[in-house]
Amino acid sequence: MDWIKIAFYAFAAVAVASAGAVISVRNPVNAVLCLILTFFSVACTWLLVGAEFLGVALILVYVGAVMVLFLFVVMMLDIDVAALREGWVRFLPVGVVVAVVMLVQVLALIGVKARTATPFPADNAAALAADASNTRWLAETLFTQYLLPFEFAAVILTVAVIAAVMITLRKRTGIKTQNPAEQSRVKAADRLRMVSMPAEKAASLAPNAEGEGQA
């Protein structure tokens, strides 16, 4: 029995199902939990085929960045944070399910590694690059053979970042906004006014003091 193929199909099925749940559930907290499970499942498939660097980077970078992404979504979409905090126990079942599935995936990955003496074929690219580190092999392949798709991905991500910034800069009433064009056209005379005033001024005597002096 090919344990690697069975585990791969299982991890892929969980990743596809959780990715579908990300775009189908309406609650943002549940969507974030499903997105974490998607990233973790894909990381397990990469660890299964020997791409340790990609798997670890996906867990450390993207799973951690999901929380930051969630904060940006809350700020951009004007979600009532107080309403989300109320009754947070209702999100516990989904969190428990995600945690249990992730634990099962880790145990399955460890079991497959332990049962398989030669987990990778001899003609696998990762096995052929065993004399070099996994990170070096990934960098050489990415910036030589797949340079054009890498550049396309960079352009798409740049457009996505610009679109996210433009969404946050939409005109809304009751808030303070900045206009970079107007700020760059500001002159010093519009912001600074020179006032001439003496450095010292003679102190005038109080009325009581004058009366006492005359007396």
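1. Two rings of Phe, Tyr or Trp count as an aromatic pair if their centres lie within 6.5 Å. In this structure, which is a predicted model, there are 3 aromatic pairs, and two of them are described below.

2. Phenylalanine 39 and tyrosine 62 make up a tilted pair, with 5.6 Å from centre to centre and 55° between the planes. Because phenylalanine 39 belongs to helix 2 (residues 28-48) and tyrosine 62 to helix 3 (residues 52-77), the pair ties together parts that are 23 residues apart in sequence. Tyrosine 62 is partly exposed, its relative accessible area being 46%.

3. The pair formed by phenylalanine 143 and phenylalanine 150 is edge-to-face, with the centres 5.0 Å apart and an angle of 70° between the planes; planes over 60 degrees apart fall into that class. Phenylalanine 143 is partly exposed at 45% relative accessibility, and phenylalanine 150 is likewise partly exposed, at 31%.

4. Where do the buried residues of helix 7 lie when the helix is seen down its axis? In this helix, which covers residues 134-142, Asn134, Leu138 and Thr141 are buried. Their directions fall within an arc of 70°, so these buried residues line one face of helix 7. As a general rule, an α-helix has 3.6 residues a turn, so residues three or four places apart point the same way.

5. Turning to the cysteines, cysteine 34 is buried, with a relative accessibility of 11%, and cysteine 44 is buried as well, at 3%.

Technical notes:
Residues are numbered from 1 along each chain as its sequence is written. This is a predicted model: local features need pLDDT of at least 70, side-chain atom pairs count only at pLDDT 80 or more; totals for chains, interfaces and linings use all residues. Side-chain values use heavy atoms; hydrogens and water are left out. Rings of Phe, Tyr and Trp (its six-membered ring) pair if their centres lie within 6.5 Å; planes under 30 degrees apart count as stacked, over 60 as edge-to-face and the rest as tilted. Helices (H or I, at least four residues) and strands (E, at least two) are DSSP runs, numbered from the N terminus. Buried means under 20% relative accessible area, exposed over 50%, partly exposed in between (1.4 Å probe, protein chains only). The arc is that of the directions from the helix axis to the C-beta atoms.
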